[in-house]
Amino acid sequence: MPVVYDSPPARCDGERLPVSHSAGCTQKAWSLLCIEWVITVLLCSVLSFSLRPPSVMASELYGRWGVGIRIGPSVLLQDVDKGQELKGGTGPMVNLMLIDVNNPFTSKGLEIEIETHTIKSPGAKWGDLTTLSLIPFVEYRPGGIKPMTPYLSMGLGLNFNRFKESSLLRDNSMTVEPVTTLAVKIGGGVDYLIAPDLVLNAEIGWKQSSGRMIIQGGTEDADLKAKAITVLLGIRRYFWE
């Protein structure tokens, strides 16, 4: 059965507000940050394109390593737990990358992702689920490295989950402990070379996370189903060996 409470949760400034207002405080701030990031990256890419030399040698990326940063929304595709009617909203994701370009067609590396979703049941906010994912990955470029390069990626790693209970759960002496889950990620994207060592990157991905949340006090344990679609935009910077 879903948990329903009599009083609404606290607002960001400490006053009582309806659940819908409380749940949106953090999400709105992150949404504004994502919008600002996207605008900044697009402006930088336009400026770089206008200053771009006549010929950018894509082959110079072979045998180099790089780092990347991308941000964007993560959209949950299903209820977190159907039995207790737990739903998760769209949340922000920050993605960091270490990349090793093996050859014109493949790269390998490590993705470090952090995402947060607000979890609610009808009439109550449970809290915020934050996931840190460590995902070794490989990328495949069918046509090799070009100034504009499409690619496919696949990774397998771990999701380390943490739950921050709302004041309503704390008042009812309830704690939520999500387990560590397997991370499976596949995606596709495009790299646009704007300088010999700088790449504008856009990617759409799908990530699987499935496990349990151990709940102490008040109700039975809950499922943790967090299949998500992610849309990321950012940059990659490459360095010499």
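This is a predicted model: local features need pLDDT of at least 70, side-chain atom pairs count only at pLDDT 80 or more; totals for chains, interfaces and linings use all residues.
Residues are numbered from 1 along each chain as its sequence is written, and side-chain values use heavy atoms, with hydrogens and water left out.

**The whole chain**

Begin with a cartoon view, where you will find 2 helices and 12 strands, taken as DSSP runs numbered from the N terminus (H or I of at least four residues for helices, E of at least two for strands). Along the sequence these follow the pattern α-β-β-β-β-β-β-α-β-β-β-β-β-β. Contact here means heavy atoms within 4.5 Å, and of the contacts with a separation of 6 or more, 68% are between residues 24 or more positions apart. If you then switch to a surface view, the accessible surface comes to about 11,900 Å², and 66% of this belongs to carbon and sulfur atoms; accessible areas come from the Shrake-Rupley method with a 1.4 Å probe, and for residues only the protein chains shown count as cover.

**The nonpolar patch**

Staying with the surface, select Ile114, Leu132, Leu134, Leu156, Leu158, Phe160 and Leu182, which make a nonpolar patch of about 590 Å². Strand 5 (124–140) and strand 6 (148–165) are the elements that give two or more residues to this patch, and strand 6 gives the most, with 3 residues. Patches are built from residues with over 30% relative accessible area and no salt bridge, like charges being joined within 9 Å and nonpolar side chains (Val, Leu, Ile, Met, Phe, Trp, Tyr) within 5 Å. Pick out leucine 182, which lies in strand 8 (residues 181–195) and counts as partly exposed because its relative accessibility is 48%.

**The nonpolar cores**

Now hide the surface and look inside. In soluble globular proteins, nonpolar side chains tend to be buried together. A nonpolar core is a set of buried Ala, Val, Leu, Ile, Met, Phe, Trp, Tyr and Cys residues joined through side-chain atoms within 4.5 Å. The largest such core has 15 residues, of which Val80, Leu86, Ile119, Trp126, Phe163, Val176 and Met213 touch the most other members. Strand 5 and strand 10 (210–216) each supply at least two residues of this core. Apart from it lies another core, of 8 residues, including Met97, Phe137, Leu193 and Val199. Which residues does isoleucine 119 contact, leaving aside its neighbours within four places in sequence? They are Val80, Leu86, Lys87, Gly88, Lys125, Trp126, Gly127, Leu129 and Phe163.

**Asparagine 201**

Next, centre the view on asparagine 201 in strand 9 (residues 198–208), which counts as buried because its relative accessibility is 0%. Its side chain makes a polar contact of 2.9 Å with the side chain of tyrosine 151, and another polar contact, of 2.7 Å, joins the side chains of asparagine 201 and aspartate 191. A polar contact is a pair of N or O atoms within 3.5 Å; within protein, one must be able to donate a hydrogen and the other to accept it, and residues adjacent in sequence count only if both atoms are side-chain atoms. Not counting residues up to four places away in sequence, asparagine 201 also touches Arg70, Leu232 and Arg236, among others.

**Salt bridges**

Finally, display the charged side chains. Side chains of opposite charge can pair when their charged atoms come close. The whole structure holds 11 salt bridges, each defined as a side-chain nitrogen of Lys or Arg within 4 Å of a carboxyl oxygen of Asp or Glu.

- Select arginine 70 and glutamate 203, whose side chains meet in a salt bridge (3.0 Å, N to O); arginine 70 is in strand 1 (residues 65–76) and glutamate 203 in strand 9, 133 residues apart.
- Both partners are buried, arginine 70 at 0% relative accessibility and glutamate 203 at 3%.
- Move to lysine 207 and glutamate 115, where the closest N and O atoms of the salt bridge are 2.7 Å apart. Lysine 207 lies in strand 9 and glutamate 115 in strand 4 (residues 106–121), so the pair ties together parts 92 residues apart in sequence.
- Select glutamate 139 and arginine 236, which form a salt bridge of 2.7 Å, N to O, between strand 5 and strand 12 (residues 228–239); glutamate 139 and arginine 236 are buried.

To end, select Arg70, Glu111, Glu113, Glu115, Lys185, Glu203 and Lys207 together, which are linked in a network of salt bridges.

Note on methods. Buried means under 20% relative accessible area, exposed over 50%, partly exposed in between (1.4 Å probe, protein chains only).
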